[in-house]
Number of protein chains: 2
Amino acid sequence: MSNKPTLHTSLSPALLHLYDLSNSVVVIIDVFRATSTIASALFNGAKCVIPVDSVPKAIEISKKIGGIAAGERDGIIAEGLEHGNSPLEYGRDFIENKTLVLTTTNGTRLLQMALDNNAEKIIAGSFPNLSAVCDFLLAEKKNVVLGCAGWKDRFNLEDTLFAGAIINRVSAAFTVHCDSSLMAEMMYAKNKNKMIEFAPRLTHYHRLVERFGLIEDITFCLTNDVANVLPVYSDGKLIAL
Amino acid sequence: MSNKPTLHTSLSPALLHLYDLSNSVVVIIDVFRATSTIASALFNGAKCVIPVDSVPKAIEISKKIGGIAAGERDGIIAEGLEHGNSPLEYGRDFIENKTLVLTTTNGTRLLQMALDNNAEKIIAGSFPNLSAVCDFLLAEKKNVVLGCAGWKDRFNLEDTLFAGAIINRVSAAFTVHCDSSLMAEMMYAKNKNKMIEFAPRLTHYHRLVERFGLIEDITFCLTNDVANVLPVYSDGKLIAL
């Protein structure tokens, strides 16, 4: 057997408990759009992002610390909030040196589950920070669990494609004995050069584009390294490493 | 919106509750090897297959009715049983006019979950009876949930590939708005002409072949229509329609 660390992919939050997170780096993946937004905000100089699980908590914490409360439910800005879950909302002019307090349908919930399952280290990944994530995983040399946020526990392809993008780059350094990872890498290899053209086949694309017209968001969220920072979770906050 | 019935794919028993089974035909898929074995036994003239969830129950019921108790745990014949979960064990000479009482790691558990979730109709599918399954789904014109048994709740590719094989044949008759189904169909389309060559990449292949030498089982389980009956669940039994 190889002495390389292992890499597994969890295709849904409902499957996360099947993997041993306690000795692993867990990559939280919510391509549309939580982890892309987190990368965007930190890349543009946000002090940190505080992920919270409810709108009232987002409002309460942001008031206390003078931060920006933001979040979505079912793809639109959550009731009671002024800012949503679009990575394009968080340009440098707006977010630099501020704290973003963010609640989302899937991504923040998955992060909480990783904490509850004693993840050793938690980072946030998306196409906009693909290289930063891969560089970190290769440097750490620890077991990895790629955690796809999905949609309300259902499998989604965009998170899986991003897991595949990571595997495509780092697999030589890991023992990958996991059908989810094999599938993710194959799906990515097949579609990597036509991601934007492929997007209209995703269920979430229809949710975001047909209902809310968020085509620029989709394009940003599927573009490599346009916000290439590494969000690391520590003590209730995601900060850029 | 289309008036076609819907088709969804559940990639793991742990995701089955996300789908409405009460108005659906649920296809139980456990390619290696429960549903392939069920097809094989019924094709070779078994009166019926009684799926049960434990070895003691398999022994008790088979004694009572003069049936064959069989099953596996973790890929090998379960302790206390003489017959396992290999489709090749159930040739016509042995199984004709007998009742098979079968317990397996994943497939029989998934079937019980489908019952618990009030599935309207339950059938068993595998490559050996692909055409019978597709013909039935096309004739029924009801909503369909393809239920992959996976491995101890983990995703596996062979069940997903078979879901993809079904979708590949029947999708024109259904509304398929489901990333799992899209992925399954794409994975199948990519690999359909080299299934046997692809098999060594599957984690379950290693479990069955490297540990137990079951290469003939694998080949049978990946061959279309070699046991082309339709196992339908009714009143505690799977019978050939």
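Two residues are in contact if their C-beta atoms, placed from the backbone, lie within 7 Å. The model is predicted.

**Exercise 1.** Among contacts in chain A between residues at least 6 apart in sequence, find what percentage join residues at least 24 apart.

Solution. Keep the chain A contacts whose partners are at least 6 apart in sequence; of these, 78% join residues at least 24 apart. The elements of chain A are 10 helices and 10 strands.

**Exercise 2.** Compare the radius of gyration of chain A with that of a compact globule.

Solution. For 241 residues, a compact globule would have a radius of gyration near 18 Å. Chain A has 16 Å, which agrees. Along its principal axes, the C-alpha trace spans about 55 × 40 × 30 Å. As for burial, 57% of the 241 residues in chain A are buried.

**Exercise 3.** Determine the span of H6(A) and how many of its residues are buried.

Solution. H6(A) covers residues 157–170, which is 14 residues. From first C-alpha to last it reaches 20 Å, close to the 20 Å expected at 1.5 Å a residue. A residue counts as buried if 20 or more other C-beta atoms lie within 10 Å of its own. By that cut-off, 11 of the 14 residues of H6(A) are buried, and the helix is mostly covered. Among them are Leu157(A), Phe162(A) and Ile167(A), as well as the charged residues Glu158(A) and Asp159(A).

**Exercise 4.** Describe the side of chain B that touches chain A.

Solution. The contact takes 23 residues from chain B and 23 from chain A. On chain B, helices H6 (157–170) and H7 (179–191) each supply at least two residues of that side. H7(B) gives the largest share, seven residues. By class, the side of chain B has 12 nonpolar, six polar and five charged residues.

Key
Residues are numbered from 1 along each chain as its sequence is written. Chains are lettered from A and ligands numbered from 1 in the order in which they are written. This is a predicted model: local features need pLDDT of at least 70, side-chain atom pairs count only at pLDDT 80 or more; totals for chains, interfaces and linings use all residues. Helices (H or I, at least four residues) and strands (E, at least two) are DSSP runs, numbered from the N terminus. The radius of gyration is taken over C-alpha atoms; the globule rule is 2.2 Å times the number of residues to the power 0.38. A residue is buried if 20 or more other C-beta atoms lie within 10 Å of its own, exposed if 12 or fewer, and partly exposed in between; C-beta atoms are placed from the backbone. The expected span of a helix is 1.5 Å times one less than its number of residues.
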